[in-house]
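Trainee: I'd like to learn how to read aromatic rings in a protein model. Could you walk me through some cases?

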Amino acid sequence: MTQQFLRAICAVVAALPVMAATSTPAVTFYRQIAPIIYKNCAPCHRPGEAGPFSLLTYEDVKRRASQIAAVTKRRYMPPWLPEPGYGDFVEERRLSDAQIQLIQEWVKLGTPAGPIADAPPAPQFASEWQLGTPDLVLHVTQPYQLSAGGPEVFWNFIIPVPIKSARWVKAIEIRPSNARVIHHASVIVDRSRSARHREKAPGSGFAGMDLTVAETTFDPDSSFLAWKPGSVPAAEPDGMAWRADPGMDLVFNVHLRLSGKAESVSPSIGLYFTDTPRTKFAMLMELEHDGAIDIPPGERDYIVSDDFRTPLDLTVLAVYPHAHYLGKLMEGYATLPDGTRKWLVRIPEWDLNWQGVFHCKEPVYLPRGTVISMRYHYDNSADNVRNPNKPPRRVRGGSQANDEMANLWLQVLPVENGDQRAVLRDVLMRRLFEKYPDDFTANFNLGDLLLSQGKAEAAIPYFERAWKAEPRSALAATELGTAMASASRMPEAINCSSGRSSSIRSSPMRATTWPAPKLQAASGSPPRVTSDRCLRSGPTTPRPSSIWARCCSRGEMNSRVQAAPSRRWCATVKHSPIALMTPNCTPILG
């Protein structure tokens with residue numbers, strides 16, 4: 001009996017090496033690693049997307065295992081800039097410490113596959129449109145041919161929107177066609193089709209990263225319409241659809257990167273409509289201080305700041321920080337009236353390659369009187385591996401890639417019902433003037449604000465300073481004359497339009513005068529002559545002005561008669577006491 005027991009024990013011991021050899025390792029691809037890869041890596045690392053190689057199979061991942069372990073350990077991949085604990089975002093693609101450790105252990109074990117029965121479902125990606133078939137698909141008229149070499153390219157495609165009546169857009173989906181060469185892209189709404197004037201031929205597009213479009217109404221951008229590698233399209237929240245008008249264009253503003261060979265770029269945009277009109281009036285607002293940027297070579301911690309005190313109770317829905325290659329630490333936060341700080345975003349290691357819009361998981365409430373702050377730190381030393389200048393050189397603010405920028409865009413929604421965007425616009429205009437008292441845009445827009453409030457006399461000095469800043473501006477001359485006419489200073493207005501203004505002497509524009517229009521005002525309301533065109537820029541990568549203005553376009557001058565603060569009547573008038581003859585503003589005789 002004892003001998004039989006001993007023989008059984010010996011048999012078990014002898015079998016132990018065999019059992020150990022056939023047991024499943026602690027970490028295998030199919031059980032622990034595949035779920036991490038499929039969720040966080042495969043969206044970009046698959047055929048047709050921006051990733052330089054595919055990571056859809058065990059063989060794909062095993063081939064790159066050492067590289068994956070290295071880049072995830074130092075958190076270079078998957079790319080995610082915001083620091084945890086300083087804002088919670090929908091797009092978060094950040095590995096936990098435990099996930100990173102699993103990858104390290106898997107590589108040390110020799111990258112075992114494990115039982116295929118443990119494999120999770122393979123990732124499924126829509127071969128066509130991720131949101132389903134769009135209601136309308138827009139195509140570029142002419143593809144852009146990207147050369148194999150040369151500098152980086154910023155290009156604008158003009159895409160007409162062929163609709164016969166106004167529609168509400170609940171979502172857009174961008175199909176880049178060649179994701180490997182697109183760094184990022186933005187869509188700008190151009191209702192007046194003003195960007196077309198920059199094309200050499202219809203449909204040819206035009207170069208440039210700083211884009212401004214003219215609008216006929218005050219309707220600021222309410223949503224970030226953008227694309228970057230790995231981005232997932234989503235519908236706007238209920239009540240926040242944006243309006244598409246007949247005859248409008250979309251401008252597809254894209255940053256292209258070279259691949260080493262000639263490439264063709266032909267993006268398309270899908271629009272998804274809804275019958276539910278907008279009931280919530282969100283707005284994109286910007287903190288910036290590009291004009292303060294002047295970074296000496298060798299400076300390791302150059303700080304650029306901006307602050308904005310909100311006049312309303314707001315909720316922040318999304319943030320979009322932006323700088324160029326010298327950006328290092330980027331912070332956006334809000335100081336509440338009681339002194340409490342709420343973080344909006346903090347990026348300790350900025351990388352322009354992975355910039356993007358970050359949507360808050362939950363709206364961030366900011367009561368009236370909250371100070372929203374931007375604090376950006378820049379490193380212009382030789383130790384900054386992203387510094388494009390070897391050796392470092394002086395860098396100033398500007399829209400070119402070798403300049404620097406300091407922008408923090410916010411999508412905000414006023415808490416109070418109704419359209420409160422004009423209140424925000426007015427405070428933003430005054431803040432711009434505080435930062436840049438001699439700047440054309442700051443003076444022009446503050447003058448325009450006063451003019452729109454019926455304070456023509458108070459607007460005149462601002463338009464004069466704007467024209468002094470840019471003497472060739474037909475826009476400034478037109479509005480200066482408009483303000484003088486509205487202030488019953490018609491002789492000066494006519495002299496202004498004729499280039500004979502005593503306060504502003506230099507203007508190369510030819511001008512003419514026309515009989516004063518016959519305006520019929522509502523009872524008890526004095527008529528006022530004004531133009532009714534607006535300049536608008538959206539949050540493309542470069543710094544847009546983000547402020548509203550008026551301008552004369554295609555010779556149309558409008559009379560606006562205000563009978564009460566809540567009601568306005570506008571009628572197109574073909575005669576104007578001031579009509580400047582310039583290429584973009586030609587008087588039309590009735």
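Trainee: Are phenylalanine 444 and phenylalanine 463 buried or exposed?

Mentor: Both phenylalanine 444 and phenylalanine 463 are buried in this predicted model.

Trainee: How do I describe two rings as a pair?

Mentor: Aromatic ring pairs are described by the distance of the centres and the angle of the planes. Here, the centres of phenylalanine 444 and phenylalanine 463 are 5.4 Å apart with the planes at 65°, so this pair is edge-to-face, since an angle over 60 degrees counts as such.

Trainee: Which helices hold these two residues?

Mentor: Phenylalanine 444 belongs to helix α7 (residues 440–452) and phenylalanine 463 to helix α8 (residues 456–469), so the pair ties together parts 19 residues apart in sequence.

Trainee: How many aromatic pairs are there in the whole structure?

Mentor: A search finds 15 aromatic pairs. Among them is the tilted pair of phenylalanine 29 and tryptophan 106, at 6.0 Å centre to centre and 40° between the planes. This pair links distant parts of the chain, 77 residues apart: phenylalanine 29 is in helix α2 (residues 29–40) and tryptophan 106 in helix α5 (residues 97–108). Phenylalanine 29 and tryptophan 106 are buried.

Trainee: Which residues do ring pairs link into a cluster?

Mentor: That cluster joins Phe29, Tyr30, Tyr58 and Trp106.

Trainee: And what about charges and rings?

Mentor: Look at arginine 175: its charged end sits over the ring of tryptophan 129, 5.1 Å from the ring's centre. Likewise, arginine 465 lies over the face of tyrosine 462, at 4.8 Å from the ring centre.

Technical notes. Residues numbered from 1 in each chain as written. Predicted model: local features only at pLDDT ≥ 70, side-chain atom pairs only at ≥ 80, totals over all residues. Heavy atoms only, no water. Phe/Tyr/Trp six-rings, centres within 6.5 Å; stacked < 30°, edge-to-face > 60°. Helix = DSSP H or I, 4+ residues; strand = E, 2+ residues; numbered from the N terminus. Buried < 20%, exposed > 50% of the residue type's maximum accessible area, 1.4 Å probe, protein only. Lys NZ or Arg CZ within 6 Å of the ring centre and 35° of its normal.
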